[in-house]
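Dear colleague,

Please find the structure below, with the sequence alongside.

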Amino acid sequence: MLGYNSTSYGTGFADVYDDWYGDVTDVAATVSRMVGLVGTVGTVSTVSTVSTVSTVSPVLELGAGTGRLAIPLAQAGLGVTAVDSSREMLDQLRALDPDGSVTVVHGDMVEDLPDGPFDAALIAYNTIFNLLGDGAQQACFSAVAARLAPDGVFVVEAFVPET
């Protein structure tokens, strides 16, 4: 499409994205699965008293858009960092997350990922197919792997084409 690139998709439909795609997948099931995969980590004991400190599991969502998944993941207690190349989509996410429970990163889901480590990374609803260039998906997998904790997981939600 003439004039289309990875940063322009949100310009055309950020304001209607949630209406169009709000129920495209089972958000509650996705959140439950992610929480089940990473949960919370970390128990700290002190000498004089015993106290448990739960550290929020850091999760990276690629192509997070308006926060359709990122916000419920954060509400479930995960520490979510959302990456998206569209300023308009991220503006919608910020408007839907006025408390700033999601850390927002404007950038490419290969070149601009934060350092991590993350307990999990998620790329949902066929977003992997937005990586258009030759080798871009492989580069994404490598970039995510470099940012995962040693036992971290990378969840990719996508259709499987018929052979």
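A residue is called buried at under 20% relative accessible area, exposed at over 50%, and partly exposed in between (1.4 Å probe, protein chains only). Helices (H or I, at least four residues) and strands (E, at least two) are DSSP runs numbered from the N terminus. The model is predicted, so local features need pLDDT of at least 70 and side-chain atom pairs count only at pLDDT 80 or more, while totals for chains, interfaces and linings use all residues. Residues are numbered from 1 along each chain as its sequence is written, and side-chain values use heavy atoms, with hydrogens and water left out.

In helix α6 (residues 136-145), the buried residues are A136, C140, A143 and V144. Because they cover an arc of only 95 degrees around the axis (taken from the directions from the helix axis to the C-beta atoms), they lie on the same side of α6. Their packing partners are β3 (58-62), β6 and β7 (148-156), where contact means heavy atoms within 4.5 Å.

These strands belong to an open sheet of 5 strands, ordered β5-β4-β3-β6-β7 with parallel pairing; two strands pair if DSSP finds at least two bridges between them. β5 (103-106) and β7 stand at the edges with a single partner strand each, so one side of each has no neighbour in the sheet. Between β6 and β7 there are 5 bridges, and I123 stands opposite V156 in β7.

V80 is in contact with V59, A70, L73, A74, S101, V102 and T103, leaving aside neighbours within four places in sequence.
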